[in-house]
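Subject: Structure for your files, with notes

Dear colleague,

Here is the structure I promised to hand over, placed directly below. After it you will find my notes on what turned up when I went through it.

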Amino acid sequence: MAADNAVERPAGPADPAGPAGPAGPADRLAALADERVDHRFKGLPPDAEGLTVGELAAQRRNLFTGGFTTPVLALSAERLEHNLALMETYAERHGLAFAPHGKTSMAPQLFARQLERGAWGITLAVPHQVRVARRFGVGRIFLANELVDAAALRWLAGELDADPSFRFICYVDSVRGVDLMHAALSEAGASRPVDVVVELAAGEGARTGARTEAECFEIANAVAGADTLRLVGVAGYEGEVPEASPERVTAWLRRLVALLIEFDKAGRFADLPEVVVSAGGSAWFDAVASAFAEIPELSLPVVKLLRSGAYVSHDDGHYRHLTPFNRVPEEGALEPAFRLWAQVVSRPSAEQAFTNAGKRDAAYDLDLPEAQVVRRGGVERDASGVTVSGLSDQHGWVRTSSESDLAVGDWLGMGLSHPCTAFDKWQLIPLVEADGTVTDYIRTFF
């Protein structure tokens, strides 16, 4: 990392994990196209059974006329590309390194595209997700969580020992956690220390993280006494600030920056090439960019690591309302890239209809799906007077007004809220161009 805090770009998604030989990460990513289409993957054409994913993609079938069954989740190719490009530009403009949160999609193909778009690495939340990312060649991983599982730490020690180029960072927020990490890594005979950042909680009643700066220094002392660990910075999650507002979020971010500065003054980062400060979900990254821009020159270069993940598909609900681009429209706008297509299977009254997509298919933890368009006979129109009012396991409850023209057999296209609980319901997601042509299939690993 250069002394002027410029963002360093990795060589590529596969390079950090070593040479891509017969079983290398580049081949594993390419091998996703060799997986056979079968009963495991809902929504795909029944007559595609036995084809490889690559063979099906090469047919460039149309989502509406190519034999796809409902319900089926579609990811817009154009909007995905727009969102990837926008956040790449945003990070560059603000001097941020970007490690998008991979738990949103758990899709190695999307990890690769994010890395190609200049991402520093990928953020993850639990050890299983780290193993998936490593399987597909991600060379820099930020685990935005504590890690005290002995079995996972043994695996991590082996992974770090086997690949000197692998960079891994995780949270610590207690002396007890440091002790557990040290014991497990020592037992595993780890030859490389695990890089850790002290997590500062976003306030009383927030999620994980040390509640006070005094506790943070106690944790730093414990790390200094453990030769299996190395303190490289501070981090936290501003999305947990109680009663979040621009003022409250900014005040907490300034606490995080101040903690970094105090650690530096106290000589906590000796013999490091750089230090790390990290924050940034998908609701307040503008505040993160502003607060990190205030960091003064320290004794070492600073990697200002942003972790927003939901941007990759954005949404038509929760993040549509919360995105920072609403506050800074001059910097661009994300576009919702998901549309869930279901079919009307019952129309018992003039006020009621039911579709064949329910909780097993649609995100519903934050908002219900939003009825957007209706397709009938190849013609698409606005879903005026149509509202999704509830979900059963396998049915969508739909209210209809007198102005709606909805019939059994119609396809209803719906926007979704909360990408993290949309991706995880689908193992293979068609990537669809604006005219309905399916150009690829995105494999997820939840």
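In this predicted model, eight strands form an open sheet with parallel pairing, and their order across the sheet is β2-β9-β8-β7-β6-β5-β4-β3. The two edges are held by β2 (97–98) and β3 (122–124), each of which pairs on one side only. Within the sheet, strand β8 (residues 275–279) runs parallel to strand β9 (residues 302–306), and five bridges join the two; Ser278, for example, has Leu305 in β9 as its bridge partner. Helix α10 (residues 285–293) packs on the sheet and touches both β8 and β9, with its direction at about 170 degrees to that of β9.

With buried meaning under 20% relative accessible area, Phe98 counts as buried at 6%, and Tyr311 counts as buried at 3%.

A further pair, Phe338 with Phe423, is edge-to-face, with 4.7 Å between the centres and 65 degrees between the planes. Here too distant parts of the chain are linked, since Phe338 is in strand β10 (residues 338–349) and Phe423 is in helix α12 (residues 420–423), 85 residues apart. Phe338 is buried at 6% relative accessibility, and Phe423 is buried with a relative accessible area of 0%. Elsewhere, ring pairs link Phe64, Trp341 and Trp411 into a cluster.

Two arginines also sit over aromatic rings: the charged end of Arg134 is over the ring of Phe166, 3.9 Å from its centre, and Arg443 lies over the face of Phe445, at 5.0 Å from the ring centre.

Helix α3

Does the length of helix α3 fit its residue count, or what span should one expect? Helix α3 (residues 77–93) has 17 residues, which at 1.5 Å a residue should span 24 Å, and the C-alpha atoms at its ends are 25 Å apart, so the two values agree. Just after α3, Gly95 takes a positive phi of about 65 degrees.

At 10% relative accessibility, Asp316 is counted as buried. Leaving aside residues up to four places away in sequence, Asp316 touches Pro336, Phe338, Glu370, Gln372, Gly415 and Leu416; of these, Phe338 is the residue that forms the edge-to-face pair with Phe423.

Conventions. Residues numbered from 1 in each chain as written. Predicted model: local features only at pLDDT ≥ 70, side-chain atom pairs only at ≥ 80, totals over all residues. Heavy atoms only, no water. Pairing = 2+ DSSP bridges. Helix = DSSP H or I, 4+ residues; strand = E, 2+ residues; numbered from the N terminus. Contact = heavy atoms within 4.5 Å. Axes fitted to C-alpha atoms, helices over the stretch in contact; angles between N-to-C directions. Buried < 20%, exposed > 50% of the residue type's maximum accessible area, 1.4 Å probe, protein only. Phe/Tyr/Trp six-rings, centres within 6.5 Å; stacked < 30°, edge-to-face > 60°. Lys NZ or Arg CZ within 6 Å of the ring centre and 35° of its normal. Expected span 1.5 Å × (residues − 1).
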